[in-house]
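Welcome! Take a moment to turn the model around on your screen before reading on.

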Amino acid sequence: MNFDVALTLDLLGVFFFAVSGCLLAARRGFDIVGSLLLGSLVGLGGGVIRDVIINAGVPAAFSQPLYLVPPVLAAVLVHLLFSRVELGGRLLIIFDAGGLALFCVTGALKALDAGLNPVAAILLGVTTAVGGGLLRDITANEVPQLFDSKDLYGIPAFVGAGLTTVLFSTGMLNLVTGTAAAVAVFALRILAWHFGWHAPMAARCHRRDAARG
């Protein structure tokens, strides 16, 4: 996968995540400045964490002005169109799933290009994918989706980062296979949300009947 394709996928991931942040800001009643800041935080946060971890120099979000375009575009679009879209979480989940799918692929790919081993690349792909959403939810005083026991969030990211690493290691990673991996993650995330799939609980807890003597 060449640099231009990876950059395009990365920018698309920034845009999808930024829209999710701007939608949440609108739902919480933030002004347009707050919307832009929250959109930028979720759209750029995961990539900044990734670039710092792999010691890639100044993070791309600060060294390449092009990365500032998607959050600005997202804030403007949500501001202009928000009265025509729902206040509920469906649209937010869709855009968040798109960002998650793209970032777990580009995060793992950038880690592999930096020379990290496959396990580290998978972990960094997941970190890139979930980092921005975690920052968004904490900043907006929401329960982070990453820790929602009634949903799958981290597992789809692990699947996408793992697929990307396997494809890269076997020399099969290209635009088609990379896109297919992202689509698989997106589909898994949406299906999990729609059908209420979730991972097993950390422990089997049984409530005691307080009324029982």
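What you see is a predicted model. The protein has 8 helices and 0 strands, and reading along the sequence gives the pattern α-α-α-α-α-α-α-α. A compact globule of 213 residues would have a radius of gyration near 17 Å, and the 18 Å found for the protein agrees with that. The C-alpha trace spans about 65 × 40 × 30 Å along its principal axes.

How much of the protein counts as buried? The share is 46% of the 213 residues. Among contacts in the protein with a separation of 6 or more, 79% are between residues 24 or more positions apart.

Now let us look at one helix pair, H5 and H7. Helix H5 covers residues 90-113 and helix H7 covers residues 154-169. They pack with their axes 8 Å apart, at an angle of about 40 degrees. That angle is why H5 counts as oblique to H7. The crossing of H5 past H7 is right-handed.

| Helix | Residues in the contact |
|---|---|
| H5 | Leu100, Cys104, Val105, Ala108, Leu109, Leu112 and Asp113 |
| H7 | Pro156, Ala157, Gly160, Ala161, Thr164, Thr165 and Phe168 |

Sorted by type, the residues of the contact of H5 with H7 comprise 10 nonpolar, 3 polar and 1 charged.

How values were computed: Residues numbered from 1 in each chain as written. Predicted model: local features only at pLDDT ≥ 70, side-chain atom pairs only at ≥ 80, totals over all residues. Heavy atoms only, no water. Axes fitted to C-alpha atoms, helices over the stretch in contact; angles between N-to-C directions. Helix = DSSP H or I, 4+ residues; strand = E, 2+ residues; numbered from the N terminus. Parallel < 35°, antiparallel > 145°, perpendicular 65-115°, else oblique. Left-handed = near helix turned anticlockwise from the far one by under 90°. Contact = heavy atoms within 4.5 Å. Nonpolar A, V, L, I, M, F, W, Y, C, P; charged D, E, K, R; others polar. Rg over C-alpha atoms; globule rule 2.2 N^0.38 Å. Buried < 20%, exposed > 50% of the residue type's maximum accessible area, 1.4 Å probe, protein only.
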